[in-house]
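This report describes selected local features of one protein model. Please consult the sequence and the coordinates alongside the text.

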Amino acid sequence: MAETPNSDMSGATGGRSKRPKSNQDWWPSKLNLEILDQNARDVGPVEDDFDYAEEFQKLDLEAVKSDLEELMTSSQDWWPADYGHYGPLFIRMAWHSAGTYRTADGRGGAAGGRQRFAPINSWPDNANLDKARRLLLPIKQKYGRKISWADLMILAGNVAIESMGFKTFGYAGGREDAFEEDKAVNWGPEDEFETQERFDEPGEIQEGLGASVMGLIYVNPEGPDGNPDPEASAKNIRQTFDRMAMNDKETAALIAGGHTFGKVHGADDPEENLGPEPEAAPIEQQGLGWQNKNGNSKGGEMITSGIEGPWTQSPTEWDMGYINNLLDYEWEPEKGPGGAWQWAPKSEELKNSVPDAHDPDEKQTPMMLTTDIALKRDPDYREVMETFQENPMEFGMNFAKAWYKLTHRDMGPPERFLGPEVPDEEMIWQDPLPDADYDLIGDEEIAELKEEILDSDLSVSQLVKTAWASASTYRDSDKRGGANGARLRLEPQKNWEVNEPEQLETVLGTLENIQAEFNDSRSDGTQVSLADLIVLGGNAAVEQAAANAGYDVEIPFEPGRVDAGPEHTDAPSFDALKPKVDGVRNYIQDDITRPAEEVLVDNADLLNLTASELTALIGGMRSIGANYQDTDLGVFTDEPETLTNDFFVNLLDMGTKWEPAADSEHRYKGLDRDTGEVKWEATRIDLIFGSNDRLRAISEVYGSADAEEKLVHDFVDTWSKVMKLDRFDLE
């Protein structure tokens with residue numbers, strides 16, 4: 001959080017020719033489908049049958065930790081360790097790997113080890129973390145594919161903390177490596193690092209973004225816009241940490257715990273003394289950036305943020321030094337040697353009280369950042385800090401749990417956590433599920449239940465919409481949501497507008513009656529969960545829609561979902577999963593700030609869909625008529641609840657002329673070119689499949705005379721995929 005140097009974006013090009021313009025350059029408003037291409041290919045050198053979880057379980061974790069422990073104090077001449085200990089550097093690396101997470105879309109975080117790729121590897125806030133990863137390289141090479149970069153970076157942070165005297169709460173592996181940046185992430189609107197163009201109004205960061213400044217993990221350590229204003233800084237801190245699901249106590253514990261260790265580096269002005277970041281560095285530097293222009297990066301010559309000094313008198317030991325220094329002494333702002341605002345103690349008592357990081361004959365004075373002083377000036381944060389000062393054990397436990405949450409928040413439910421150090425205690429932020437204490441239904445019971453569901457008063461479209469509403473909350477970014485748990489029947493999901501609460505209550509009531517009758521009738525211990533029944537009902541309805549079109553299909557069904565209760569559900573955190581656009585149900589909120597088709601693609605990426613899968617899904621759902629409020633928008637068929645390719649046939653029909661509707665910017669009317677009569681109504685989401693060149697090419701395949709059966713099977717495959725996205729127990 002602290003190291004935030006300026007960045008020279010005009011770094012050496014090394015003789016590269018000018019890049020040719022892409023289609024996106026020529027037509028900036030063109031719908032970008034590249035984010036779905038990430039789901040259609042494997043860009044890494046990994047075999048199809050490679051199972052990382054299986055490889056990780058073979059790992060001797062204690063041996064890796066022993067090697068890491070030795071590395072902590074094995075200072076290298078090319079990048080010497082402060083105080084002879086790399087621990088603070090590795091804590092910062094792990095923190096900044098995990099700290100990109102934001103709740104809005106679940107993106108960012110440690111999964112994938114994407115700190116290795118642009119833009120994150122070249123953010124000003126990550127200056128010199130390239131050195132930390134190079135220090136880890138021999139250990140990564142030693143253990144190979146048994147431990148990912150993503151897991152190793154977090155493990156190094158844990159070992160660093162433990163090597164300096166603190167007991168961490170736990171550690172879990174299971175983060176697979178990515179081999180390219182995540183093209184779906186919106187990091188902000190700015191064209192330059194360390195600028196702020198993301199505030200809709202003063203102090204209010206644009207919705208969906210996590211950090212307050214481009215290129216920083218959280219906030220500017222000097223204060224907003226580089227002004228040493230602790231009160232304004234506190235507001236930014238609270239907002240940014242809230243957007244990664246941290247409350248005030250967790251936030252204060254993380255900052256205080258992290259700043260108990262190490263120092264910041266501002267021996268001189270980074271803008272004048274550092275070379276370009278890794279992505280702009282010359283080829284001979286081999287991916288290392290921020291080279292000191294005087295050729296010396298050793299000892300006191302290290303420059304990172306432009307802020308200089310340690311926080312405590314013992315920078316490589318866990319103690320109460322940070323909190324005591326912050327609360328027990330008065331601090332005043334000053335410009336440090338690197339030209340950045342920092343805070344110096346007014347008392348002579350702290351001056352020259354810290355050993356120099358490299359020269360045993362020198363002494364240093366502790367400093368504080370504006371973001372540190374914010375914890376003292378803000379009354380709510382101060383109350384937490386004073387509680388921690390009075391109760392060091394409480395401080396330690398809160399830091400341990402907050403660090404565990406920070407570094408594991410994007411891993412999903414506990415069953416994905418691997419290794420011998422996974423704690424027994426499950427956290428509410430992990431969306432835990434109860435164990436199934438009954439026998440699961442088999443093929444005979446599945447057939448019986450499907451027949452009973454189809455014989456009820458529920459329509460095909462009602463069953464399909466309900467199953468979709470339950471399963472489509474899944475986000476592959478942080479493995480949250482999905483049908484398992486049947487949280488559709490709980491707050492807040494049961495009252496989301498997109499789920500049509502009154503109709504949902506009717507559907508769930510009918511399914512609950514079927515569930516109760518079935519479970520009460522069994523004496524052999526076999527039971528069915530509502531979560532399974534919701535998905536089974538959707539599958540049965542899709543099969544019926546296919547049968548209505550003359551196709552016999554059977555969707556594979558694997559029972560085993562369970563029903564979560566309110567005690568398993570952090571209701572406020574699930575609001576982040578509420579869709580503003582659900583293109584599959586043709587739902588668009590009026591107040592969205594992005595084109596609906598962009599949100600459609602963004603949501604499809606979170607469901608790990610390809611462009612072809614998305615196209616098949618939309619076409620099938622429109623033919624079934626599974627729209628929000630049962631509208632006719634995009635239902636280009638005279639046979640709803642029948643799985644045909646009519647959507648594509650009629651969308652591509654040149655006998656229809658489309659024009660915007662007068663009552664909504666999202667709606668359009670399809671007019672008969674000969675008579676001028678309205679034939680169809682649609683949304684932007686429907687028309688993009690005829691407008692965008694790539695989506696139209698796919699639609700033309702599905703709209704051909706011989707393609708209806710292909711559409712049916714492709715839709716069924718995609719539907720089944722979405723229904724099982726959160727079934728980690730099947731992997």
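## Basis of the model

The model is predicted: local features need pLDDT of at least 70, side-chain atom pairs count only at pLDDT 80 or more, and totals for chains, interfaces and linings use all residues. Residues are numbered from 1 along each chain as its sequence is written, and side-chain values use heavy atoms, with hydrogens and water left out.

## Helix H9

Helix H9 spans residues 248-258, and nine of its eleven residues are buried, so the helix is largely enclosed by the rest of the structure. Buried denotes under 20% relative accessible area, exposed over 50%, and partly exposed in between (1.4 Å probe, protein chains only). Helices (H or I, at least four residues) and strands (E, at least two) are DSSP runs, numbered from the N terminus. Among the buried residues of H9 are Glu 250, Leu 254 and Ile 255.

These buried residues pack against several helices, including H5 (87-98), H8 (230-242) and H14 (392-408); contact requires heavy atoms within 4.5 Å.

## Aromatic pairs and charges over rings

The whole structure contains 24 aromatic pairs. Rings of Phe, Tyr and Trp (its six-membered ring) pair if their centres lie within 6.5 Å; planes under 30 degrees apart count as stacked, over 60 as edge-to-face and the rest as tilted. Phe 261 and Trp 318 form a tilted pair, 6.0 Å centre to centre with 40 degrees between the planes. Phe 261 lies in the loop between H9 and strand S3 (263-264) and Trp 318 in the loop between strand S4 (309-310) and H11, so the pair ties together parts 57 residues apart in sequence. Phe 261 counts as buried, at 3% relative accessibility. Ring pairs link both residues into a cluster that includes Trp 95, Phe 388 and Trp 403.

The charged end of Lys 21 sits over the ring of Trp 26, 4.7 Å from its centre, and that of Arg 238 sits over the ring of Tyr 381 at 4.3 Å. The criterion is NZ of Lys or CZ of Arg within 6 Å of the ring centre and within 35 degrees of the ring normal.

## The S11-S12-S13 sheet

Three strands form an open, antiparallel sheet in the order S11-S12-S13. The edge strands are S11 (656-660) and S13 (678-683), each pairing on one side only; strands pair if DSSP finds at least two bridges between them. Five bridges join S11 to S12 (residues 667-672), and Lys 657 has Leu 671 in S12 as its bridge partner.
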